[in-house]
Amino acid sequence: MKVSIIGIDLAKNTFQVAALSRGGSLLMNRSVRRAKLLDVVRRFEPTILAMEACGSSHYWGRLFRSMGHEVRLVPPQHVKPFVRTNKTDAGDALAICEAARRPKMQFVAIKSIPQQDLRLLNRQRTRLVRLRTATANQIRGFAREYGVFFPRGYRKLLSDLPLALEDAENELSAIARNALWELYQELRQLTEKIQRLKAQLLEVTKPHEPCQRLQEVP
């Protein structure tokens, strides 16, 4: 089927597919189950295929590009102004088509598998670093309630906490010592995971230019 542009409103299971003719007439705008999406797209000759840049869009973008389509990933904030009716899947698919046809629209580049690997590892590392910070702060907060104080820095905390737990002269109770010991184990495990991720990231970024390399991680 000859069309000028296909707009797909992505979702988890059911997608909305709109197709416009060269003259702008609506040829199709219907929902398609994920299992049938490729079959529907194969009915069209290679053309412009637009989607919002959102979850799974890079996966579908790579797939549709391999089928010969010119894939355009539109930033979500640039689609919203083209929604002409109340928000519906059909309206969103049309809005994606309209946004993607604008001559000055800036599109999102489709990420390769290595780029997505790097993004995944970075996000995982960021989550663990935040969790480590929260765990260290909780240890300090609990210990202060018993008159035990630790300096800033997780490395110093890892070295000083076992000494405090062995110190029979402070006011830490048996329950407090047990709780702090468990938190110490969590802190140590988080640090080990972060270091492993850092090593993975350094390995992944080796082929890239210096400006793309991993910044030093604490």
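H5 passes H7 in a left-handed crossing, and the crossing of H5 and H6 is left-handed too. This is a predicted model, so treat what follows as a tour of computed geometry.

**H5 against H7**

- Helix H7 covers residues 174-204, and its axis comes within 9 Å of the H5 axis.
- The two axes cross at roughly 155°. Angles over 145 degrees count as roughly antiparallel, so that's the label H5 and H7 get.

**H5 against H6**

- Here the partners are helix H5 (residues 113-144) and helix H6 (residues 154-166), with axes that come within 11 Å and cross at roughly 45°.
- That angle makes H5 and H6 oblique to each other.
- Which residues make the contact? On the H5 side they're Arg132, Ala136, Ile139 and Arg140, and on the H6 side Tyr154, Leu157 and Leu161.

**The aromatic cluster**

- Switching to the rings, Phe15, Tyr59, Trp60 and Phe64 are linked into a cluster by ring pairs.
- Take Phe15 and Trp60: the ring centres sit 5.5 Å apart with the planes at 75°, so this pair is edge-to-face.
- What does that pair tie together? Phe15 belongs to strand E2 (residues 14-20) and Trp60 to helix H2 (residues 57-66), so the pair joins parts that are 45 residues apart in sequence.
- Trp60 also pairs with Tyr59, again edge-to-face, at 5.0 Å centre to centre and 65° between the planes.

**Buried or exposed?**

- Phe15 and Trp60 are both buried.
- For Trp60, the relative accessibility is 7%. The cut-off for buried is under 20%, which is why Trp60 makes the list.
- Tyr59 is partly exposed, with a relative accessible area of 43%.
- So the Tyr59 and Trp60 pair brings together a partly exposed ring residue, Tyr59, and a buried one, Trp60.

Definitions and conventions. Residues numbered from 1 in each chain as written. Predicted model: local features only at pLDDT ≥ 70, side-chain atom pairs only at ≥ 80, totals over all residues. Heavy atoms only, no water. Phe/Tyr/Trp six-rings, centres within 6.5 Å; stacked < 30°, edge-to-face > 60°. Helix = DSSP H or I, 4+ residues; strand = E, 2+ residues; numbered from the N terminus. Buried < 20%, exposed > 50% of the residue type's maximum accessible area, 1.4 Å probe, protein only. Axes fitted to C-alpha atoms, helices over the stretch in contact; angles between N-to-C directions. Parallel < 35°, antiparallel > 145°, perpendicular 65-115°, else oblique. Left-handed = near helix turned anticlockwise from the far one by under 90°. Contact = heavy atoms within 4.5 Å.
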